[in-house]
Amino acid sequence: DITSRAFARNAVLRSLSLSYNKLRKIDSSSFRGMRLIRRLYLSDNNIKEVGRGTFDNLARIGTIDLARNQIKKIDFQMFNRLQYVELIDVSSNLVTEIKKHAFKELYLVHINLSYNAIANIEPYAFENCANITVLDMSHNKIANFPKKAFDEITYATEFQLSYNFLTDLSQVPLANMTGIKVLNVSHNEIAVIPRNTFPKLYELHTIDVSYNNLSNITVTVFQTLFSLRTLLLDHNSLEELKSGTFGTLPTLLHLDLSHNRLNKVNRQAFNRLPSLRTMTLQHNNLEMLFDIPQSLSHIDVSHNFITFETPTKWPPMNALLSLNLSHNLIGDNLVTESLSPLLTLQSLDLSYNGISLPPKDALSSLPSLQHLNMEDNEIEILEKQSFGTLPIMSELNLARNQILTLKDDSFLGLKQLIILNLSGNNISVISNSAFRDLVALRTLDLSHNQIESLDNKTNSIFEDLLSLENLNLSDNKISFLTRKSFPSSQWVPYHLKHLDLSFNVMPVLTYELTFGTKKLTSLNISYNMITEIRKSVLGNLTSLEVLDLSHNLIDDLTAQNVFVLPTQLTYLSLAYNSLHAFPLNAVLKAHTLKHLDLRYNQLEQFYNELLPMIRNGTHIYYSGNPISCDCTLRPVRRWALSLLTPDPAWAEFQCQDSEFTNTSIINLPEKFLACNNTEEDANEELQLTPDVKFRHVHILKDGGVRSTWFVNMKTDVADFRLVVLGNGSHTQDGWKERIWEKIEPYNTRSDTFYTLPKHQEGARLCIMGMSSEGNTNPLLPSQCQSLPCISGSVSSSLQSQWLFVISLILLSLRFVLLC
């Protein structure tokens, strides 16, 4: 606990944090003398009791944080006359009651009482608290408020009461809350909104009564709310809306009535909402539409039982932009008059309605329609001009219908169509003129169909699509391509850039693929049956950047001119094939390649020539291959361990020797990746990684040997042992036959030696790490540097110095004689 006057001498302290301690009690003596304190953080303690007048002496306090303690009540005048307080947080405690005058004479304060167990609030618990910015009492057990819980002056700008046990909205004391702007009573048990629930409130703009048991709304109960803009009544049990349910609400913009049980809506129910912009009525039991406000921009009546069997009378609509009628029972009941007044409608959703014929007549009355969704219906055939003339239609979705055939001119009249989705149908026959008039189409999805051929031997079915850029033909039955499969002409500039032929049955990639695909940047031929790629196919796709050949049966790419990669290629996947050898030279020439996937093939070795690409940022995936556990893996293992952030691709990389199956090469000790000594000696990269290594060793003019070294691995290195070995000491323990040695401390990284002994030619200076226990780590060949014969070099140096001295003496004598 805090002792009495513990902070008495801290009069100028501005902020004090005592969070995450084990405080059990605070009282008036805990913070005495701290006149200028502004922030007090006491969260995450074990405080059970807050004494009366604890904060009275903190005249300038701005933040009191008591969250996540064990306080059981807000006592009398606990927060009293704190003129400058901005935040009082007592959330996530065990508070069950709020005593009289607990909050008194506060102004512009955020009070958080959420996540407690408050059930009892005494009268005048909040007194003279003008303009509480946020009063959060959510996640409690409040079932009722006393009438005078708030006095005449107290009100909250935002009042949060969600997740309580309120049953009647009139139980919320709103009589004196003249400045309230947001009221949230969602997730309660409110069943009724009775008359006179709301007094005249001029600033209340948002009411959330969602997730309750509301079954009845008294007529015109909201009419006294003169600034209401958002009303959320979703997830309740409303069954009927009467003509005066909402009364006159000239400012209401958003109304949500979704997830109710509405089956009867008076045609005049929304007539006095002149400013309404968005209305949501999804997931109800409506069978017919009602009079819609003329100002409405977006309406969602999906997931109902609307049939349009009875003619719908729409008012003149000049603002409606989107209409969602999905998941209803419309069938083929749409006629010319069904949607005729909707002159400004831009988006229409008719999905999941059991439609078997495109509602051509109804759609022809929508001159502004741009987006039409008719997926998951029962359309079987598209006749000539199936959708009438829609001059600015840009997107049409017909996915997952039962379309079998596309006849000539099926989309005539859709000159501005940009996106067409025909996926998930049973299309097997496409007329060569089916796409006539779609000169602006850029994206065409024909995936998940039964298409076998893309031309009639003279013309491509895509010949009229002059602007086509994205073509998806995945999940079909295409077994071969011809020179007419994709349109090409020296006079027509076709623009096909992205082509997806995955999940088909092509056995060979022939030269015919190069016709009409010169501008391709992305090609996906994964999940086919490809066993062979013919010469010059890939090399002639000169603009290709992404190539996916994964999940095929390719076993050899080493033939001449077969695997010539485009110069702009950045992504290449050959995963899940049967490659035994890899065309390394072709890949090394692809300087723009950033992603290479070779997983799950039959490659038995790792190509260390790929390491420079890896170091330059190319992501290479190699796991799942039967790689031998030998020294050729040491360089890539060394690189993977040097990364600050481990690369998951290399963490999955395993070699396949029986002794180390399911062990990542990163976790495999380097000494087990062994080769014969001859192979290791020939290539320093394949040798074991030394813990310590020389950076430079050179002979100085004065005969000294200057050497610098560095620690090369994250291992136990405490000191360094330097030795001179004679010619013939080659084993790891050969350093014991040393002819000179010196031990350097760990903080040393360089030294100059003048006392090296005379020795024969072929001697070596070696360095080894010493563990913290004093053991010397094994000596590796890469830890030694050859020395020239020191005796010879030193004597020659001394001889030169003596000759220089004698020459100076002779010159001096001659000068004296001449004088």
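**Exercise 1.** How many bridges join strand β46 to β49, and in which sense do the two strands run?

*Solution.* Begin with the source: this is a predicted model, in which local features need pLDDT of at least 70, side-chain atom pairs count only at pLDDT 80 or more, and totals for chains, interfaces and linings use all residues. Residues are numbered from 1 along each chain as its sequence is written, and side-chain values use heavy atoms, with hydrogens and water left out. Next, recall that strands are DSSP runs of E with at least two residues, numbered from the N terminus, and that two strands pair if DSSP finds at least two bridges between them. Seven bridges join β46 (residues 719–725) to β49, and the two strands run antiparallel; among the partners, Leu725 is bridged to Arg764 in β49.

**Exercise 2.** Find the strand that pairs with β49 over three bridges.

*Solution.* This is β50 (residues 784–786), which pairs with β49 in the antiparallel sense, and within β50 it is Gln785 that stands opposite Leu765.

**Exercise 3.** Locate the disulfide, a pair of cysteine sulfur atoms within 2.5 Å.

*Solution.* A search of the whole structure finds one disulfide, and Cys766 is joined to Cys784 with an S to S distance of 2.0 Å. The partners lie 18 residues apart, Cys766 in β49 and Cys784 in β50, and both are buried.

Technical notes:
Helices (H or I, at least four residues) and strands (E, at least two) are DSSP runs, numbered from the N terminus. Buried means under 20% relative accessible area, exposed over 50%, partly exposed in between (1.4 Å probe, protein chains only).
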